[in-house]
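Please keep the sequence and the model in view.

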Amino acid sequence: MAADTNSFYQDSTRVELTDTEALVGAHQADVAVVGGGVTGCSAALYLAEQGYDVALIEAHSIGWGASGRSGGQILSGFGTDMDVIAKSVGLDAARQAWEMSREAVRLTADRVRRYAIDCNLQWGAIDVAAKPRQLRALSRTQQHMRDIYGDEDLVSLDRDALWERVRSPAYLGGLYDPNSGHLHPLNYTLGLARAAQAAGARIFEASRVERLTHGRPAQLTAADGTLTADFVVLAGNAYLSSELAPNLRDKLMPVKNYMVATQPLSAHQVAQTLPYDNAVADSNFVLDYYHLSEDRRMLYGGQVSYGNRAPRRLRARMVAKLQRLFPALEGVDSTHQWGGLVGVTRNRAPHLGRLDSNVYFAQGYSGHGMAFAGLSGKLIGEAIAGQAERFDLYTKLDHRRFPGGDRLRTPLLVLATNFYRMRDWL
Ligand SMILES: Cc1cc2nc3c(=O)[nH]c(=O)nc-3n(C[C@H](O)[C@H](O)[C@H](O)COP(=O)(O)OP(=O)(O)OC[C@H]3O[C@@H](n4cnc5c(N)ncnc54)[C@H](O)[C@@H]3O)c2cc1C
C-alpha cells in the first residue's frame, strides 16, 4: 500500500551493505536469525563478534520492518511505567531493568561511533504535557525516577523553559532527558547489518522463512532453501507470521502507526519550532512524536490504525495537526507518508523468552524499541553464549494474552484505545 511505503528514510539512505543474496539451497550455521531489524541485526553482530557462524534471513530487505520506518527516537526506559515492571519482577530487578534501558541507549551510541554509522545521532528528548493532569504526572515521574531509580538527570521544564526548546503554544511544560535522543533509523539498522557482515555474518534478503522445524539442530525453510542451525533467534516481532510461532502471536498486538515528513524547513521555521532539535513526544495514550531530520524536515508520527487500511485523508489530517501544534509551519506541505507495525504487549513491557531451549525470541517493545532492541539482541547473544542471567531478568516479566482470540482481539483493542483516546481529550 502506498501509504506504507513512501518513507523519507528510503529516500535518504546512506549506508550500503556488501552483497546480499536470497537463501537458495541447503545452508548451515551455528545461529540462524529470522528478521533484519535492530533486534536481529544486533544479535547477529554480537554473536558474529564472539566467533559464532551466524546467518540472518530477512523476508524483504534489512530495515524493511519497524526499525527502518520508526520515529528514530532513542529512549531510556520502556513503553510502560517502571511500576508495572517492579510489580512483575520486584524493585531490585526493576532497578536493574532501568539501568539496562540506559545501557541500551549507550550501546546504541557506542555502536554508532565504533562502526562509523552515518545516522545523525542527536541528544535530548522531551516528554511534553498539554493538560495540567499530564504535567503533574511528569513531575511525579521525575521525582519517582530520582528517588527510587537514582536518575538525577531528568529535568522538569516549566512552560517558559519548554518554550525555549519546543515552540508550541499547546504545551504547559515537559520533562527533559539529556540521555535520550534520535537518529536516522534505517541508516542505523543498515549500519548494524554492515558491521555484522564485517564480523563474518551472512545475510540473506528477500527470503521469507515459512517453516521452523524444532530440534537440535533446528531447521528453517524458505521458498528456495533451508538453513539448519544449533540456535534460532526469532526477531520478526510484529511482522512474524503466526505459523512460525503461534504461541507468540496471542501476546502481541500489531498496531499500524503512521508518519509524515515535511519539506525541508527554513532556518526561521526551525527557530520557531524545535531550535534545539530535540526528540519530542506528548503524554497521550496514542501519542504524537516528532523531531527534525538532518536536512531540517519535521518528521512527525502518531496516527494509528488496527486494520490494513490507512485512515482516510491521513496525510492532510496529520499536516493540519502539525500546523495546529506549530503555527510557524503554516503553508508547509509534506513530501512523504508511511506506516509500520508496532508490536504492543498488554502491559507494554518487552516480551523476551525461549520457545525451546535453543529457540529464542524478542518482541513487543510497544513503541520503545529503537534502543532496547539493540540490547535485547545482545542479551539473546549473551544467553546463547552461556550467560543467560541478564536475558532471564526479562523472561520473568509477566505477559498475558490479549483477550478475544484471533477474531475479537482487534475490535476489543480498538474499543479500549478509543476509551483512552477519549480520556486524552479530557
Ligand atoms: C511508525 C513507527 C514509529 C516508531 N517510532 C519509534 C521511536 O521513535 N522510538 C522507538 O524506540 N521505537 C519506535 N518504534 C518501534 C520500533 O521501531 C520497534 O520497537 C523496533 O524497530 C523493533 O525492531 P525489531 O528488529 O524487533 O523488529 P522489526 O524492525 O519490525 O524487524 C522485523 C523484521 O523481521 C522480518 N521478518 C518477519 N517475519 C519473517 C520471516 N518469516 N522470515 C524472514 N524475515 C521475517 C520483517 O520483514 C522485518 O524486517 C516505532 C515503530 C513504528 C512502526
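Is Ser 366 buried or exposed, judged by its C-beta neighbours inside 10 Å? Ser 366 counts as buried, because it has 23 of them. The cut-offs: buried means 20 or more other C-beta atoms within 10 Å of the residue's own, exposed means 12 or fewer, and partly exposed is in between, with C-beta atoms placed from the backbone.

## Basis of the model

This is a predicted model: local features need pLDDT of at least 70, side-chain atom pairs count only at pLDDT 80 or more, and totals for chains, interfaces and linings use all residues. Residues are numbered from 1 along each chain as its sequence is written.

Helices (H or I, at least four residues) and strands (E, at least two) are DSSP runs, numbered from the N terminus.

## Positive phi and a cis peptide

Ser 366 sits in the loop between β17 (359-363) and α11. Its phi is positive, about 55 degrees, although Ser 366 is not a glycine.

Ala 116 also has a positive phi, near 50 degrees, and is a residue other than glycine. Its place is the loop between α4 and β4 (122-129). Ala 116 counts as exposed, because it has 11 C-beta neighbours inside 10 Å.

The peptide bond that joins Arg 216 and Pro 217 is cis, with omega about 5 degrees. Pro 217 lies in the loop between β8 (209-213) and β9 (218-222).

## α2 against α11

α2 and α11 pack with their axes 7 Å apart, at an angle of about 40 degrees. α2 is therefore oblique to α11. Axes are lines fitted to C-alpha atoms, for helices over the stretch in contact, and angles run from 0 to 180 degrees between N-to-C directions. Angles under 35 degrees count as roughly parallel, over 145 as roughly antiparallel, 65 to 115 as roughly perpendicular and the rest as oblique.

The crossing of α2 and α11 is right-handed. The near helix is turned from the far one by less than a right angle, anticlockwise for left-handed and clockwise for right-handed. Contact residues in α2 include Gly 40, Ala 43 and Leu 47, and those in α11 include Ala 373, Gly 377 and Ile 384. Two residues are in contact if their C-beta atoms, placed from the backbone, lie within 7 Å. By class, this contact has nine nonpolar, eight polar and one charged residues. Ala, Val, Leu, Ile, Met, Phe, Trp, Tyr, Cys and Pro count as nonpolar, Asp, Glu, Lys and Arg as charged, and the others, Gly among them, as polar.

## α2 against α7

The axes of α2 and α7 (residues 185-198) come within 8 Å and cross at roughly 25 degrees. α2 is therefore roughly parallel to α7. This crossing is left-handed.

Val 38, Cys 41, Ser 42, Ala 44, Leu 45 and Ala 48 of α2 make the contact with Thr 189, Leu 192, Ala 193, Ala 195 and Ala 196 of α7. Nine of the residues are nonpolar, two are polar and none is charged.

## α3 against α4

α3 (residues 82-89) and α4 (residues 91-114) have axes that come within 7 Å and cross at roughly 135 degrees. α3 is therefore oblique to α4. The crossing is right-handed.

On the α3 side the contact uses Met 82, Ile 85, Ala 86 and Val 89; on the α4 side, Leu 91, Ala 93, Ala 94, Ala 97 and Trp 98. The residues divide into nine nonpolar, no polar and no charged.

## The ligand shell

How many residues surround the ligand? There are 44, and the closest are Gly 35, Gly 37, Gly 65, Gly 71 and Gly 369. The elements that give two or more residues to this shell are α2 (38-49), β11 (253-262), β15 (334-344) and α11 (369-384). The shell has 20 nonpolar, 21 polar and three charged residues.

Leu 234 is in strand β10 (residues 225-234). Leu 234 is buried, with 27 other C-beta atoms within 10 Å. Leaving aside residues up to four places away in sequence, Leu 234 touches Val 34, Leu 240, Leu 244, Ala 245, Val 359, Tyr 360 and Phe 361.

Asn 6 belongs to the loop between α1 (2-5) and β1 (25-34). Asn 6 is partly exposed, with 18 other C-beta atoms within 10 Å. Beyond residues up to four places away in sequence, Asn 6 touches His 336, Gln 337 and Trp 338.

Key:
A residue is near a molecule or strand if its C-beta atom, placed from the backbone, lies within 6 Å of it.
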